[in-house]
Amino acid sequence: MSSISFIPILKRNICRPKFSPIVLFRSKYDQNTAPAEYCAGLVRKSDYENFICTLLLNSGIRSLAFAVRAFNIEVARVQDNVSDMKIGRMRLQFWLETIDSVFKDEVRDHPVVQELHRTLQHHKSKELFKKNLRSLVTSRIEPITSSSFKTLEDMERYSESSVSPVHYMILQGAGISNVHADHAASHLGKAQGLMNLVRSLPHSTKARVVPLPQELLIKHGLSQEKVIRGQGGDNLREVVFDVASRAKQHLEKARSMKKKMPYLRICGYFPASICSG
């Protein structure tokens, strides 16, 4: 068994969260690993930037945030781990059925599922949580059957449904019901989702997938095959610039709404630094 690592968290003035030392085990699950530790370890291993952002959250919502992010990781990597479309759909269907079981108190033997069930027990608006969890799954169904986006708006819609629900649930967990906060979360999710797709390009092209809109490739005289072969050159940079510019617009919109929210409500927006970094 690998040794336990202690990550000391320094007190900051940002949002005045109550920090405490967090004990993290490896993300490989066994009977000696608690579900909460597994979720935190999985996020740390697979999504380190958001792991750091989650550590900065108030301790009251941190466990829920780790559970939600771990669930999103489990769902997102279905596409990476399967080459057969039918198998991918079956695995996503498993997660949809798992969501239903969580809200029926029928908890399956999976650490992420167990931690989700535990952290959602005392929260209201469970139907809203369920809707957002289902969105994280259903948003991945079409990308399994289609290898690209037709338009930049398609990329935005995918980002909205595959990233924004994470922010919505963190706000719900904090007891925040505010139209401005939700609006900012929507824009932040779109910005983060667009940049995730751009940053995934080197990995995606190895699987002969180009997560860029066809309309922009055509606009800049570029074919998917050239991108896959690493022959994009300046034309590819122009396509990436167009996508990044749209992401920047969403990021600026999310940040512009901070003034309409009390300081505690900014706590869920640390991931904005990932988009602008």
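Predicted model: local features only at pLDDT ≥ 70, side-chain atom pairs only at ≥ 80, totals over all residues.

A residue counts as buried at under 20% relative accessible area, as exposed at over 50% and as partly exposed in between, with a 1.4 Å probe and protein chains only. Numbering runs from 1 along each chain as its sequence is written, and side-chain values use heavy atoms, with hydrogens and water left out.

**The whole chain.** Switch to cartoon and you'll see 16 helices and 2 strands; these are DSSP runs numbered from the N terminus, H or I of at least four residues for helices and E of at least two for strands. Now the surface: the accessible area is about 14,500 Å², with 51% of it belonging to carbon and sulfur atoms (Shrake-Rupley method, 1.4 Å probe; for residues, only the protein chains shown count as cover).

**Select 111-120.** That's helix α6, and 8 of its 10 residues are buried, so the rest of the structure largely encloses this helix. Show side chains for Pro111, Val112, Val113, Glu115, Leu116, His117, Thr119 and Leu120, the buried residues of α6. What do they pack against? Bring up α1 (35-46), α3 (59-76), α5 (85-102) and α7 (126-138).

**Select Thr54.** You're in helix α2 (residues 48-55) now. Thr54 counts as buried, because its relative accessibility is 1%. Look for the polar atom of its side chain that lies 2.6 Å from the backbone oxygen of Asn50. Leaving aside neighbours within four places in sequence, Thr54 touches Arg62, Ala65, Phe66 and Arg69.

**Select the rings.** Phe66 turns up again here: ring pairs link it with Tyr48 and Phe51 into a cluster. Rings of Phe, Tyr and Trp (its six-membered ring) pair if their centres lie within 6.5 Å; planes under 30 degrees apart are stacked, over 60 edge-to-face and the rest tilted. The structure holds 5 aromatic pairs. One of them joins Phe94 and Trp95, edge-to-face at 5.2 Å centre to centre with 75° between the planes. Within that pair, Phe94 is partly exposed at 34% relative accessibility, whereas Trp95 is buried at 5%. Jump to Phe149 and Tyr158: their ring centres are 5.6 Å apart and the planes sit at 50°, so this pair is tilted. Phe149 is buried at 13%, and Tyr158 is buried too at 15%.

**Select the cysteines.** How many disulfides does a search of the whole structure find? It finds 0, where a disulfide would be a pair of cysteine sulfur atoms within 2.5 Å. Stop at Cys39, buried at 0% relative accessibility, then at Cys53, buried with a relative accessible area of 7%.

**Last stop, 233-256.** Helix α15 has 24 residues and reaches 34 Å from its first C-alpha to its last, close to the 34 Å expected at 1.5 Å a residue (1.5 Å times one less than the number of residues). Colour its buried residues: Leu236, Val239, Asp242, Val243, Ala247, His250, Leu251 and Ala254. While you look down the axis, remember that an α-helix has 3.6 residues a turn, so residues three or four places apart point the same way.

How values were computed:
Polar contact = N/O pair within 3.5 Å; in protein donor to acceptor, adjacent residues only side chain to side chain. Contact = heavy atoms within 4.5 Å.
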